[in-house]
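Let us examine the structure shown below through a series of questions and answers.

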Amino acid sequence: MGLLSEGSPLSWEETKKHGDHVRKHGIQQFINQYKKLKSRSRDILYWGDEVEYMLVKFDDEKKTAKLSLNAGEVLDNLQQCEKLCPQDHPSTWRPEYAGYMVEGTPGKPYGGLLAHFNVVESNMRLRRKEIQQALGPNEVPLSLTSYPRLGVGNFSDPETKTTPETGASKSIFFPDEVIFQGHPRFRTLSRNIRQRKGGKVEIQIPIFKDKKTPSPFIEDFSALGDDGEAARTAKPDHIYMDCMGFGMGCSCLQVTFQACNIDESRLLYDQLAPLCPIMLALSAASPVYRGYLSDIDARWTVISQSVDDRTDEERGKRYDSIDSYLSPIYKCYNDIELVLDQDLCDELQKGGIDETMARHIAHLFIRDPISLFSEKLNQNDEEDTDHFENIQSTNWQTMRFKPPPPNSSIGWRVEFRPMEVQLSSFENAAYVTFIVLLTRAVLSYGLNFVIPISKVDENMRTAHKRDAVNKDMFYFRKDVFTDCSPADVAKCMASGKCERIKCSNIQDEYTQMTMNEIFNGSDDFPGLIPLVKQYLNSVDIDIDTSCTIQNYLKLISKRASGAEPTIAKCIRNFVTNHPDYKQDSVVSEEINYDLLKLIHEKTDNCETLSTDTKFSSKTKDDIPTALSKAEKFLAQKNPQKNMMNGHKS
């Protein structure tokens, strides 16, 4: 999670004093790196996934499933292989916000060979196995987006107590001891967000109103040590939460792409941005919060509210959808007001940064740093980038544009961040494979998914809705075959100016479509899956990889059509049909235990949560020998071969 600098964290008051210093030097660091690396090209199209796991401990006698707070010990075990063989280890492990979470990535990035798609699932299975081997009796790793009873009573093992009057978060639900204790960044973020805001964060999620749900739904927090703040803040008919942990304690599935050069990375950023709400809805997996069924299916708004450090006078969240496209040629689609620091924007342009990129960076830098270490205060702006990353890494948007680290072989990257983590390795591999293949189709065919930013935002709001996949429609581009040739795009990038004048007819370029139409196609739209299949038909691919990919695409197609329910819908159906459910929106300890037990059994047997049908693929540990030799030959031709895993920011 973000930049994990070592050192002594400063208090919020001390951090605030150095805000201008961090912004000033962060901008200069970006300018310096940009000048050095803007012409860098011919990097290989590497990519990698990131899966976050929760550690759960079952007590079969008491019928409880609690979050196990031993991530520190587990990580020490998991990281041994990386420490012993830093250049050759199958998986890389990093801490996350909570003491019950670990983050795993493949030990090395996947490359441009299609055969790599057949090892993704195998590596994910290996990661799950590695965690399991590091756990104690009755403990299991679950790739679960949100733990249903987070913040309810004694939900952790060992038991922890809230400290509403002291500590980093002062939550009446979420004890500070649940925050990962192995790095000061996480507690510091929690404390500084609360202090900057001038009060605790306010997360308000609409409750699912069942037959016996109180109306209005209003809770009494007095027994939890509420000093009156929760009672004043909580909205009727909403699930109220008061700590960063409710958002950052959720797990996700992310993909990072290394582009061939900066122009291609900006293009990928822009083309993937409209897909963020679409993939959020398709991967929806989190309908339960703080022991209640909610009226949403996805986590994004929960995380957004959990890190909202704005005072009453401010606007613009740290955790949100993107606010602008990066390519000058798509400037017409930036139709929402972009709040930015104009002085920093001017400085960036004087430093040689084009206007579109300068506005993006200046927008990120309206933020205060919220975590600062005394040892990192004074830096060499020619060599260091910690001040830039300090601001960049605490702007949690659906997409992230990532410059190369200093003195590194890693290239220009983009990070695709919206997806909810799926329950099984097969499902996670399917979603990752689909989005990577789609980028290959974009680059091969010059596809264009860009729509106005305001419509992307509207799609994000729609994506959270209960059963949005089946019940709602999303804005999408009618004609995805670009009206700008590659030569036009290159010219635009080189000049930093968009000569396109067709801005007045943008409203005719998009329409509302069902998820089934977007993914599977219609008479008027080709469909994303047929486009991916067309790309696959144009390239050489081995039989096993082809079989695996086809099964992945089948899952994506069925989810989009409604033939296979989303995980959120499966969880919701399980809860509402459980014998202990009282039609009052409450997810009891017994329901929680039975649900997580079922999830563990199903994923262990490679079955979907909705049926007993087993997943099927021909995933392998390694790519074929002949292809491996070809990969080594390509790597020798391009020594810039190590990418992002273990170096996420």
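Predicted model: local features only at pLDDT ≥ 70, side-chain atom pairs only at ≥ 80, totals over all residues.

**Cysteines, fold and surface**

Student: How many disulfides does the structure hold?

Tutor: The sulfur of Cys85 is too far from that of Cys81 for a bond. For the structure as a whole, the number of disulfides is zero.

Student: Which is buried and which is partly exposed, Cys85 or Cys345?

Tutor: Buried means under 20% relative accessible area, and exposed means over 50%. Cys85 has a relative accessible area of 36%, so Cys85 is partly exposed. With a relative accessibility of 2%, the buried residue is Cys345.

Student: How many helices and strands are in the protein chain, and how compact is the chain?

Tutor: The protein chain contains 24 helices and 17 strands. For 649 residues the globule rule gives a radius of gyration of 26 Å, and the value for this chain is close to that, so the chain is as compact as a globular protein of that length; its radius of gyration is 24 Å.

Student: What percentage of the residues in the protein chain is buried?

Tutor: A residue counts as buried when its relative accessible area is under 20%. Of the 649 residues in the protein chain, the buried share is 61%.

How values were computed
Residues numbered from 1 in each chain as written. Heavy atoms only, no water. Disulfide = S-S within 2.5 Å. Buried < 20%, exposed > 50% of the residue type's maximum accessible area, 1.4 Å probe, protein only. Helix = DSSP H or I, 4+ residues; strand = E, 2+ residues; numbered from the N terminus. Rg over C-alpha atoms; globule rule 2.2 N^0.38 Å.
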